[in-house]
Amino acid sequence: MAQIFISLGSNINKEHYMQSALKALKVHFKNIEHSSVFESEAVGFVGNNFYNSVVGAKTDKPLAEVCALLKKIERDNGRTPNDKKFSPRTLDLDLLFYDDVICDSPAQLPRDEITKNAFVLQPLSEVAPGFYHPVAKQTIAQLWNAYNNPQQKLWKVEFSNP
């Protein structure tokens, strides 16, 4: 079984789409562990605030199948394949890690934004503090403790886990 971590984000009808994503992920993956939900300002464009969280899970699905499934869940929740990178979205699911795989296809692993964005790194540090980042050569807790970008503010929000 592979250990995977997935980031979830939404800034359109946030509560609804985050709950919908969690329900779908629970159907397809075992041993789901869900971080707190954080709210953060949009990064890279002007838009509504985002809800962000991270899910850890185990899977026997191959990497390509996991990537295809995440895209399907996004589409099932109103995301279109032509959405611009920095734009409002109903749902954004990014595979952050698939065990310690390092690759560029079918997804960039580990995801580059893990070490760049508080809205990924802080929730990831809740569910995977001891997970070793195979490129940064540090644990997630070490990366979060060293993170310093005061312009990226985020705060926990109350969230009903489905």
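Two strands count as paired if DSSP finds at least two bridges between them; strands (E, at least two residues) and helices (H or I, at least four) are DSSP runs, numbered from the N terminus. What you see is a predicted model, where local features need pLDDT of at least 70, side-chain atom pairs count only at pLDDT 80 or more, and totals for chains, interfaces and linings use all residues. Residues are numbered from 1 along each chain as its sequence is written, and side-chain values use heavy atoms, leaving out hydrogens and water.

**Stop one: β1.** Select 2-10. Nine antiparallel bridges pair β1 with β4, and Leu8 has Ser53 as its bridge partner there.

**Stop two: the core.** A nonpolar core is a set of buried Ala, Val, Leu, Ile, Met, Phe, Trp, Tyr and Cys residues joined through side-chain atoms within 4.5 Å. The largest one has 29 residues, and Ile6, Leu8 and Leu95 have the most contacts inside it. Its largest share, six residues, comes from α2. Another core, of 18 residues, lies apart from it and includes Phe5 and Tyr147.

**Last stop: α1.** Pick 14-28. The end C-alpha atoms of α1 are 21 Å apart, which agrees with the 21 Å its 15 residues should span at 1.5 Å a residue, the expected span being 1.5 Å times one less than the number of residues. Its buried residues include Tyr17 and Leu25.

Note on methods: Buried < 20%, exposed > 50% of the residue type's maximum accessible area, 1.4 Å probe, protein only.
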